[in-house]
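Please look through the sequence and the coordinates before reading on.

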Amino acid sequence: MDPISDVFNGDAFSVLALTDAINNVPFLPGRAGSVAGWQEDGVATTTIMIEEKDGVLELINPTPRGGPGQTGMPENRTARSLVIPHYQYDDFIAADSVQNVRAFGQTSQLEVLQDRVNARLQTLVQQKLDPTLEYQRVGALKGLILNANGTTLYNLFSEFGVTQETEVDFDLDNASPASGALRKKCASVVRTIAKNLGGAVAVGTIYAECSDTFFDDLLAHPEVVDSYKGTSMATVLREGYVTPNGVIYGAFEFGGIVWENYRGAVGSTSFIDADKCHIFPTGVPGLWRTVYAPADYEETVNTIGLPRYAKQYPTPNGKGRNLEVQTNALNYCTRPKTLIKGRRT
């Protein structure tokens with residue numbers, strides 16, 4: 001038997017070992033992957049059921065003491081089924097790429113092959129799987145989970161049977177805005193989010209991921225400038241674009257919202273549309289969810305899903321090894337009506 005095949009057939013290159021290796025590769029998220037506070041869970045199925053209870057807050061009228069009270073209405077429950085999408089990328093390691101590696105039985109051969117496979121896995125994770133996960137999470141912030149070609153996988157508003165709030169015009173191109181108009185619009189957004197959270201209390205920050213043009217005009221808006229000018233925080237006006245971690249271009253707080261200039265694109269296509277922003281709450285338990293389904297391998301069927309999987313197997317002509325990585329993830333917001341879209345003008 002070919003010694004290279006013997007090495008690949010060992011435990012070091014099993015689905016379990018490769019999957020462990022691929023999940024040990026650090027996830028390098030864009031901002032959407034780190035700011036919202038995603039609750040991640042694995043499931044043993046490829047479809048999830050989401051149950052919604054319409055808890056209604058209402059005022060009650062006084063009733064006679066000693067008599068019956070006002071009768072409550074039964075809760076409405078709605079169950080929805082969502083299929084977890086499957087993302088897979090295939091690669092190939094040619095036999096020639098391991099030519100002149102030491103003979104079988106030498107420890108160095110196994111180490112070289114492991115290093116080569118792990119390096120390829122890391123590349124696939126960071127260039128294929130992680131950007132896909134980030135793109136889906138950005139879509140969840142918008143309420144629209146999109147495919148790579150821009151088509152809609154899930155519209156969370158229609159899936160949950162709610163109407164998206166009217167897009168907010170922040171009127172940032174107005175050369176002479178009315179005094180306090182911008183702060184009033186911010187306050188209205190914050191109140192709308194709080195109202196749509198219902199009984200859930202936002203214990204975190206309200207964020208807005210902004211396009212370049214939206215962020216630039218907002219930072220230069222007279223109300224924002226006047227808020228920071230002459231204070232110890234005036235450096236924001238000069239250094240609003242300086243960030244130490246590089247996941248955003250800049251950030252500042254105004255009107256109860258943290259505005260961030262989102263940094264993320266594939267080629268020339270930005271994850272945030274030009275002249276737009278997307279505002280959302282954080283710190284709400286169960287608001288942002290990620291579920292992982294199991295891979296479609298014999299070894300993983302009906303097991304609890306993991307974030308990533310990897311597998312290798314020989315080509316029919318014996319000239320190399322096929323290598324594949326996959327993730328089966330669905331990211332969604334459980335209260336999409338709290339997601340507010342804004343435009344520059």
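In this predicted model, strand S8 is covered on both of its faces, with Ile206, Ala208 and Cys210 buried on one side and Tyr207 and Glu209 buried on the other. In a regular strand, side chains alternate between the two faces of the sheet. Counted along its length, S8, which comprises residues 206–210, has five of its five residues buried.

The neighbours of S8 can be described through its pairing. With strand S13 (residues 276–281), S8 pairs in the antiparallel sense over five bridges, and Tyr207 stands opposite Phe280 of S13. Strand S10 (residues 257–262), by contrast, runs parallel to S8 and is joined to S8 by four bridges; here Glu209 stands opposite Glu260.

Helix H6, residues 181–197, can be checked against simple helix geometry: at 1.5 Å a residue its 17 residues should span 24 Å, and the end C-alpha atoms are 25 Å apart, which agrees. Which residues of H6 are buried? They are Leu182, Cys186, Val189, Thr192, Ile193, Asn196 and Leu197, and because these fall within an arc of 135° when seen down the axis of H6, they line one face of the helix. Lys184, Arg191 and Lys195, on the other side of H6, are exposed. After H6 comes Gly198, whose phi is positive, near 65°.

Helix H7 (residues 212–219) has Phe214, Phe215, Leu218 and Leu219 as its buried residues. Seen down the axis of H7, these buried residues fall within an arc of 120°, so they line one face of the helix.

One of the buried residues of H7, Leu219, is touched by Leu237, which also touches Val224, Val225, Tyr228 and Lys229 when residues up to four places away in sequence are not counted. Leu237 has its place in helix H9 (residues 235–239), and at 27% relative accessibility Leu237 counts as partly exposed, because that class lies between the buried limit of 20% and the exposed limit of 50%. Although Leu237 and Val225 are 12 residues apart along the chain, their C-alpha atoms are separated by 7.0 Å.

The mean pLDDT of the protein is 85, and 83% of its residues reach 70 or more. Over residues 55–59, however, pLDDT stays under 50, and the model has two contacts beyond four places in sequence for these residues. Where pLDDT is low, the predicted coordinates should not be read in detail.

Note on methods. Residues numbered from 1 in each chain as written. Predicted model: local features only at pLDDT ≥ 70, side-chain atom pairs only at ≥ 80, totals over all residues. Heavy atoms only, no water. pLDDT = per-residue confidence, 0-100. Contact = heavy atoms within 4.5 Å. Buried < 20%, exposed > 50% of the residue type's maximum accessible area, 1.4 Å probe, protein only. Helix = DSSP H or I, 4+ residues; strand = E, 2+ residues; numbered from the N terminus. Arc of directions from axis to C-beta. Expected span 1.5 Å × (residues − 1). Pairing = 2+ DSSP bridges.
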